There are 2 protein chains.
Amino acid sequence: MFSDRFDQLVQALRILPSVGPKSAQRMALHLIMKNREGAIGLAHALNEATTYIHECSVCHSLTENEICDICLSHERDDQILCVVESPADVMAIEQSGSFRGKYHVLGGHLSPLDGIGPEEIGIPYLVQRLNEGKVAEVILATNATVEGQATAHYLVEATKHLPVQMTRIAQGVPQGGELEYVDSHTLSQAVHNRMRMK
Amino acid sequence: MFSDRFDQLVQALRILPSVGPKSAQRMALHLIMKNREGAIGLAHALNEATTYIHECSVCHSLTENEICDICLSHERDDQILCVVESPADVMAIEQSGSFRGKYHVLGGHLSPLDGIGPEEIGIPYLVQRLNEGKVAEVILATNATVEGQATAHYLVEATKHLPVQMTRIAQGVPQGGELEYVDSHTLSQAVHNRMRMK
């Protein structure tokens with residue numbers, strides 16, 4: 001429609017998550033008709049981000065420097081390490097404001113059928129980090145999916161020989177969750193992991 | 001989060017229609033983590049589109065040339081002119097495959113309270129186009145909103161002196177519409193504009 005470059009823009013926008021052909025068209029029209037300055041700014045931001053953002057050499061989260069701000073921070077507890085699957089999870093936990101330790105990003109989960117074993121998600125490197133002896137507790141914050149659970153269990157096994165406490169984030173009914181809408185697996189977990197109040 | 005350039009990318013993505021802070025974060029992470037090549041391609045497509053796409057000098061739709069393909073086409077009927085509010089409407093009608101004439105894009109609708117009068121949406125230029133005498137029928141395809149209707153009515157008045165037939169796209173129950181879910185205004189229009197079947 002309109003011109004080749006317009007169609008190319010629509011196609012390029014479709015790489016964005018949950019953007020289908022209709023949304024991509026709407027976005028392209030919006031940018032061209034109503035916000036060219038914004039479109040140029042977006043192009044610049046994309047080029048800058050892809051050029052300068054890379055993995056932190058310590059925790060494998062994202063940074064523009066050799067080592068990320070969280071790893072460098074002296075205000076965060078070196079003794080607690082939170083293990084997550086991806087930088088998105090670091091972001092989610094940071095935004096919850098519930099954690100003041102450091103992170104370790106695996107970059108995925110174990111998935112033998114896809115050929116993703118312990119090496120592929122850098123478990124030997126994590127074990128090596130724990131071997132340095134600074135960390136007293138590892139919080140396993142992999143996803144509550146089958147693969148995330150399996151990865152957490154594997155990590156417990158792989159660190160058996162180390163004097164490090166391993167904990168798993170709690171699973172149960174989410175805040176504001178109404179029991180009748182919570183799936184039965186979650187509910188059975190919540191009953192099983194019930195906490196004493198008195 | 002992560003770095004300044006990451007935050008700038010999230011901000012830049014928020015100019016896209018219906019992208020809130022959460023979606024923008026998800027998009028930025030997806031681009032940086034999973035599709036850097038796509039991100040670079042998107043930046044290129046944005047730069048190309050904003051540089052080369054502009055209004056057609058005849059119909060005011062979008063093109064990369066002086067005059068758009070539809071205006072130049074000899075296969076399309078010069079005698080029927082479809083008047084729409086925006087290039088998005090040209091796209092919608094083209095995709096419906098229901099029209100083989102030419103277009104005229106107003107670039108908006110009358111909105112006196114916002115200071116948008118006939119000059120601002122180029123009605124004198126449209127009247128001039130009709131004055132050339134080529135066009136036999138104008139299909140008024142402005143939106144079925146209050147402003148779109150007012151603009152259509154204004155155009156009928158403004159072209160009273162010209163020997164041009166003015167028609168309005170039909171309004172009624174949309175295809176697949178179930179009457180109980182159709183709003184009462186649309187339903188009353190549909191009853192009022194009923195068509196004889198026998």
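In the UniProt record, an unreviewed entry, residues 56-71 of chain A carry the annotation "zinc finger region: C4-type". The model examined here is predicted.

Contact between the two chains involves 52 residues of chain A and 52 residues of chain B. About 4,900 Å² is buried between chain A and chain B, with carbon and sulfur atoms giving 72% of this area. Of the area that chain A buries against chain B, 15% is supplied by A:Phe2, A:Arg5 and A:Met91, more than by any other three residues.

A:Arg5 also takes part in a salt bridge, with B:Glu64 as its partner; the closest N and O atoms of A:Arg5 and B:Glu64 are 2.5 Å apart. Across the interface of chain A and chain B, 4 salt bridges are found. Polar contacts between chain A and chain B, counted where both residues have pLDDT 80 or more, amount to 12 residue pairs.

Several secondary-structure elements of chain A each supply at least two residues of the side that touches chain B: helix H1 (4-13), helix H2 (21-34), helix H3 (36-52), strand E2 (62-63) and helix H5 (87-96). The most is given by H3(A), with 14 residues. Classified by residue type, the side of chain A that touches chain B comprises 30 nonpolar, 14 polar and 8 charged residues.

Note on methods. Residues are numbered from 1 along each chain as its sequence is written. Chains are lettered from A and ligands numbered from 1 in the order in which they are written. This is a predicted model: local features need pLDDT of at least 70, side-chain atom pairs count only at pLDDT 80 or more; totals for chains, interfaces and linings use all residues. Side-chain values use heavy atoms; hydrogens and water are left out. Contact means heavy atoms within 4.5 Å. Buried area is the accessible area (1.4 Å probe) that two parts lose on being put together, summed over both. A salt bridge is a side-chain nitrogen of Lys or Arg within 4 Å of a carboxyl oxygen of Asp or Glu. A polar contact is a pair of N or O atoms within 3.5 Å; within protein, one must be able to donate a hydrogen and the other to accept it, and residues adjacent in sequence count only if both atoms are side-chain atoms. Helices (H or I, at least four residues) and strands (E, at least two) are DSSP runs, numbered from the N terminus. Ala, Val, Leu, Ile, Met, Phe, Trp, Tyr, Cys and Pro count as nonpolar, Asp, Glu, Lys and Arg as charged, and the others, Gly among them, as polar. UniProt positions are given in the numbering used here, feature names are shortened, and annotations may be inferred rather than shown by experiment.
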